[in-house]
Each structure stands twice: as C-alpha cells, then as structure tokens.
Amino acid sequence: MDSCDRKFLKVDTASRQDEILLISRIAEQDQTALSLLYDRYSRIIYTIAYRILNSAEESEEIVLDVFTQVWRIAKNYNSQKARVDTWLFMLTRSRALDRLRSYARLDKAVAISEDAIMMKPHTDSPEEDVLIRERRSYVTTCLSEIPDDQRLVLELAYFGGLSHSEISAKTGISLGTVKTRIRLGLKKLRELIGDEWSSF
C-alpha cells in the first residue's frame, strides 16, 4: 500500500466517523447535524429515487421522506451493521419501492372504478334505463370536477360497491383517510350537483 492509498483510507475513515457522529447528533434532535447530512447526501438520494421512480417530483418527495425518517429513527442506527451511506441508500430504496407498490395498487383500483362506471344499467323498463344512464352521466361529469383522490374513493364506493375497508385494502390508503376523502368528496359533489341532488 503506497502513501496515496493510506491517505485515502485515513480520509475515508475520518469521513465515516464524522457521519456516525452526525447521526448521533441527529438522534439528539440536532437540526444542524440533519442539515449537514442533507447537504452531503440529498443529491445522490434523489438520483437513486429517480432511477426507480423516473419522476422528478416523486424523487424530491422521497428525499424529504428519507430525511424525515432519519430524524425520527436516527437513535436506531447501528454503525456495526451498516455504514451511514449504505443505511441511507437502503432507506431510499425501501421508500421508493413502497411508492411503486402503492402506485400498482392504485392503478388497479382506478381500473376497477373505471370498469364500474362503464357498467351498463339494465332494468325491465327502457325508459328507466335511459333515465339511469342520464343520471350516471351527469354524476360522472360532476365527479370529474372534484379532486382525483376524492373521486377515486367515491367511484369505488358508489359505482364499485366496495366497503370503506375494501377500498383501503385495494388502494393502500389508510381507512381513516378513505372515510375522510369520501366525506369531503360527497360534500363537494353535493355542491356541484346542487338542486339536482334530490332527484338522485
């Protein structure tokens, strides 16, 4: 080993010890230490997230998620199990993959809701069929004007016939959030439908 190699190892070891110290300070809720770690790793964490998600906006959110998680769990870091950079990259990969899985569930839920909307009503009366189709078309138009997250759960509940817990399971959204979005969505829908609401 030449002097250049020894110098590199000395700098690398010092850097690792410095990062372990930063994590210790973060565990004690030192915001300055978190800022220093952020400055050091935010760009590469963004790059890792972008390779998985292929979305600038989502990758920026992953960076924030990772450092929020570091702030919460820094006390659990064990330098004997992983280097700080390895630990951060594992957190990043886990967060990004969780988001991908969430999107897969959401895509499936959206497909179910779209299929449910397209189902043709059928009664013994052609006139009633026409009336139901007209009402459904009107409600669907109003639904398109409310936020996407609220529209999805309403479609799954009222067109797809799913319970709140079934919606939660299919979308990966917490049960409390599902209930809140349905409540807010119905309130917005009533406002959009106006006087027509009583006929539905």
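These exercises walk through a predicted model of one protein chain.

**Exercise 1. The overall build**

Find how many helices and strands the protein chain has, and in what order the elements run.

Solution. 
- Start with the count. The chain has 8 helices and 0 strands.
- The order is α-α-α-α-α-α-α-α.
- Then look at burial. Of the 200 residues, 31% are buried.
- Finish with contacts. Take those between residues at least 6 apart in sequence: 58% of them join residues at least 24 apart.

**Exercise 2. Confidence**

State the mean pLDDT of the protein chain, and find where the pLDDT is below 50.

Solution. 
- The mean pLDDT is 77. A value of 70 or more is reached by 70% of the residues.
- Residues 112–121 have a pLDDT below 50. Beyond near neighbours in sequence, this stretch makes 16 contacts in the model.
- Residues 196–200 also fall below 50. Here the model shows 9 contacts beyond near neighbours in sequence.

**Exercise 3. A serine in helix α3**

Decide whether S59 is buried or exposed, and list what S59 touches.

Solution. 
- Locate the residue. S59 sits in helix α3, which spans residues 56–73.
- Check its accessibility. The relative accessible area of S59 is 0%. Buried means under 20%, so S59 is buried.
- List its partners. Leaving out residues up to four places away in sequence, S59 touches Y46, A49, Y50 and L53.

**Exercise 4. Aromatic pairs**

Classify the ring pairs Y41–F89 and Y77–W87 by the angle between their planes.

Solution. 
- The structure holds 4 aromatic pairs, including these two.
- Take Y41 and F89. Their ring centres are 6.1 Å apart, with 75° between the planes. Planes over 60 degrees apart count as edge-to-face, so this pair is edge-to-face.
- Y41 lies in helix α2 (residues 31–53) and F89 in helix α4 (residues 84–118). The two are 48 residues apart, and the pair links distant parts of the chain.
- Compare their burial. Y41 is buried at 9% relative accessible area, while F89 is partly exposed at 24%.
- Take Y77 and W87. The centres lie 5.0 Å apart and the planes meet at 50°, so the pair is tilted.
- Y77 is in the loop between α3 and α4, and W87 is in helix α4, 10 residues apart.
- Y77 counts as buried at 12% relative accessibility, and W87 counts as buried at 11%.

**Exercise 5. One face of helix α7**

Explain why the buried residues of α7 line one face of the helix.

Solution. 
- Name the residues. In α7 (residues 164–171), I167, S168 and T171 are buried.
- Look down the axis. The buried residues of α7 fall within an arc of 100°, so they line one face.
- Recall the helix geometry. An α-helix has 3.6 residues a turn, so residues three or four places apart point the same way.
- See what follows α7. G172 comes next, with a positive phi near 80°.
- Step on to helix α8 (residues 175–193), which contains K179. K179 is partly exposed, at 43% relative accessibility.
- The C-alpha atoms of K179 and I167 are separated by 9.7 Å, and the residues are 12 apart along the chain.

Methods
Residues are numbered from 1 along each chain as its sequence is written. This is a predicted model: local features need pLDDT of at least 70, side-chain atom pairs count only at pLDDT 80 or more; totals for chains, interfaces and linings use all residues. Side-chain values use heavy atoms; hydrogens and water are left out. Helices (H or I, at least four residues) and strands (E, at least two) are DSSP runs, numbered from the N terminus. Buried means under 20% relative accessible area, exposed over 50%, partly exposed in between (1.4 Å probe, protein chains only). Contact means heavy atoms within 4.5 Å. Rings of Phe, Tyr and Trp (its six-membered ring) pair if their centres lie within 6.5 Å; planes under 30 degrees apart count as stacked, over 60 as edge-to-face and the rest as tilted. pLDDT is the predictor's confidence in each residue, from 0 to 100. The arc is that of the directions from the helix axis to the C-beta atoms.
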